[in-house]
Amino acid sequence: MNILDTTYIGSVKAAFALCLALVCTPLLAQTNNYSALTQASQPQFVARLETPSAPDQGSLLGRTPAATMEYRIVSERINNRRFFKLIADAIAVNSDAKTLAKNATYISRSRSAVPVELQPNDAISFAFDGKNTVVMSLNGVQLASYQSADFFRMLLSTWVGEVPISSRFKREILGKETPPKDVADLFIASAPSAERKLAIAQALATPAPVEAVATTSVAAATAAVTSAPAAKIASVPTPQPKATKAPAPVSTPTPAAVKVETKPEPKVAVAPAAKAPVKTPEAKPSPTPVAKAETEKSKPASAPAVVAKPAPVELSEEEEARRLLLRQEYLKGLNRDINIQKHLPAAAFTRRAEGSVRLAIALDKNGKLLKVEVVEPSRYSMFNDQALEAVSNAQPFTPPPADLESDPFEFETTLYYDLPL
């Protein structure tokens, strides 16, 4: 074998090794992109999208690879209701009615799966296996599992869909724009504590006993409350006869101290006359503390029932799905009415400026505008001003459907100001 053959074989081997590395590396590597939803200059939550390779909007919403979406709560304003309403609204405006109707129950199931009220540093994640399974976890503890790739794509659409929760958020989570360095640092710093993880695990470990105890405590509290008046009625007249039989100056000035002074009185008074009243109060004060003790026990026992909050389970999954579809239709109508009033300011053409503005809006049950504020402004004030003007000119709004929470009806919308091609 001559030197040319050796050189050729060596180059072939090197080329093969290079090709193998290029093919295998994307399969082993993971891409993590970060962003934060900021409103009124305050971060609400920090998010991370983990994908096998650099994420692309088309591939994510089409042939979705194995990926994980993770939220870490930062603001104290984010509670369960607000968090899931934000997701549900974004899903509603990014999904077609057929897909939404098919997967709407998963949204209500996700909300009811959270066993505690969300607080800062809680981490909620949705992990997709690239096939059909979505696993929802809170602080590393699995809450639920869903067999629906469409549901995960609907969740992804809230980040990278046509109407994301924030245009800046979308660019950063897709890696099209680099977020501030403190965003990734904030994500790492917002990790849940070991104590919080344990509390979540304990809350999930005993869901049925908690409900049973709550039901039992309610029954016990009801029985105690029902019996308490009887005990009080029996004990109240007891001191009254004492007051009439005993000397007026002693019982009248110190009604609260009847129990204390009635005990020495029988010893000082004539024995036969005092024994009968003494036996009566001694027998009747004994049930009084017992009744009080039962009442006091019943009060703390009923407290867990209030903390447990069975209210979120008031609606069936079918009813929640129906309301979500109803909300979707109503939101689309509101967005249409507002966007009709949107236009590009003349200065945008001369400055070649583009941007987006996210607004928080509240309507009363009659559709009257109660509040509109910019929660994520554009860096161009002309777009902020025009967005507020568009909402004002869109009045009067159609009243919210009677079945929806409508007093006030709150929602958020984003107006995009793009130059024509």
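In the predicted model, Trp159 touches Ala47, Arg48, Leu49, Met69, Glu70, Tyr71, Pro164, Ile165, Phe169, Lys170 and Ile173, when residues up to four places away in sequence are not counted (contact being defined as heavy atoms within 4.5 Å). The model is predicted, so that local features need pLDDT of at least 70 and side-chain atom pairs count only at pLDDT 80 or more, whereas totals for chains, interfaces and linings use all residues. Residues are numbered from 1 along each chain as its sequence is written, and side-chain values use heavy atoms, with hydrogens and water left out.

Trp159 is also one of the residues with the most contacts inside the largest nonpolar core, together with Phe45, Phe83, Phe126 and Phe152, and this core has 49 residues. A nonpolar core is here a set of buried Ala, Val, Leu, Ile, Met, Phe, Trp, Tyr and Cys residues joined through side-chain atoms within 4.5 Å, where buried means under 20% relative accessible area, exposed over 50% and partly exposed in between, with a 1.4 Å probe and protein chains only. Helix H5 supplies the largest share of this core, eight residues; helices (H or I, at least four residues) and strands (E, at least two) are DSSP runs numbered from the N terminus. Apart from this core lies another, of 24 residues, among them Val357, Phe397, Leu404 and Leu415.

The axes of helix H3 (residues 80-94) and helix H5 (residues 149-160) come within 8 Å and cross at roughly 95°, which makes H3 roughly perpendicular to H5. Axes are lines fitted to C-alpha atoms, for helices over the stretch in contact, with angles from 0 to 180 degrees between N-to-C directions, and roughly perpendicular covers 65 to 115 degrees. At this crossing, Ile87, Ala90, Ile91 and Asn94 in H3 meet Met154, Leu155, Ser157 and Thr158 in H5.

Asn94, located in helix H3, counts as partly exposed at 21% relative accessibility. Asn384, in helix H18 (residues 381-393), is buried, with a relative accessible area of 13%, and is in contact with Val357, Val374, Pro377 and Ser378 when neighbours within four places in sequence are left aside.

Overall, the protein chain contains 18 helices and nine strands, and buried residues make up 37% of its 421 residues.

Conventions. Angles under 35 degrees count as roughly parallel, over 145 as roughly antiparallel, 65 to 115 as roughly perpendicular and the rest as oblique.
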